[in-house]
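I opened a new notebook page for this protein.

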Amino acid sequence: MRKNPTEPERRVWGILSGSQFGGHKFRRQSVIGRFIADFLCPQKALIIEVDGDTHDEAKDRLRDDILARHGFRVVRVTNHDVMTNLDGVAHVIGVALAEAADRWERPHPNPSPEGEGLAGDETWETLGNTQC
């Protein structure tokens, strides 16, 4: 997906890349435990998910709950919202960033993505070994 993002993902990356939200950096397709987040701001523990028509709401809720127990907030936007109201999507992301506390003082002493995942197989087993 990183090499071939959907058009909505490409548009969201266009507003997230280059630290356009107050200097906050985002990563695409970040691995967090057994999950892959569409976009992650490590500084704020904020995940942005771009959902198409094929998402399973029950699994999404379970996944979001597991990530929340590990300190992550998930903000979901739909493909339709991205394609028809990108300014609104940007506003929602900006509000979520403003509400989230920093996880560490800036700049992070170790900017490497190593060690940012969740420990154990809890997330994978809970979802029945299906990838989200």
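I start with a term: two strands pair if DSSP finds at least two bridges between them. Helices (H or I, at least four residues) and strands (E, at least two) are DSSP runs, numbered from the N terminus. I note that this is a predicted model, where local features need pLDDT of at least 70, side-chain atom pairs count only at pLDDT 80 or more, and totals for chains, interfaces and linings use all residues. Residues are numbered from 1 along each chain as its sequence is written, and side-chain values use heavy atoms, with hydrogens and water left out.

**Entry 1: strands**

I looked up V31 and found it opposite I36 in strand 2. Strand 1 (residues 27–32) pairs with strand 2 (residues 35–41) in the antiparallel sense, over five bridges. The two strands form a hairpin with two residues between them. In the turn, G33 has a positive phi of about 65°.

Which way do strand 3 and strand 4 run? They run parallel, and six bridges join them. I checked D51 too: its bridge partner in strand 4 is T78.

Four strands form it, it is open, and the order is 1-2-3-4 with mixed pairing. Strand 1 and strand 4 (73–78) are the edge strands, each pairing on one side only. From one strand to the next, the twist averages 45°.

**Entry 2: helices**

For angles, I use axes, which are lines fitted to C-alpha atoms (for helices, over the stretch in contact); angles run from 0 to 180 degrees between N-to-C directions. Contact means heavy atoms within 4.5 Å.

Helix 1 lies across strand 1, strand 2 and strand 3, at about 35° to strand 2. Helix 4 lies across strand 2, strand 3 and strand 4, at about 175° to strand 4.

How do the two helices cross? The axes of helix 1 (residues 7–16) and helix 4 (residues 86–99) come within 11 Å and cross at roughly 55°. That makes helix 1 oblique to helix 4 (under 35 degrees is roughly parallel, over 145 roughly antiparallel, 65 to 115 roughly perpendicular, the rest oblique). I then listed the contact: R11, I15 and L16 in helix 1 meet L86, A90 and I93 in helix 4.

**Entry 3: confidence**

pLDDT is the predictor's confidence in each residue, from 0 to 100. The protein's mean is 83, and 77% of its residues reach 70 or more. Over residues 115–132, pLDDT stays under 50. Where pLDDT is low, the predicted coordinates should not be read in detail.
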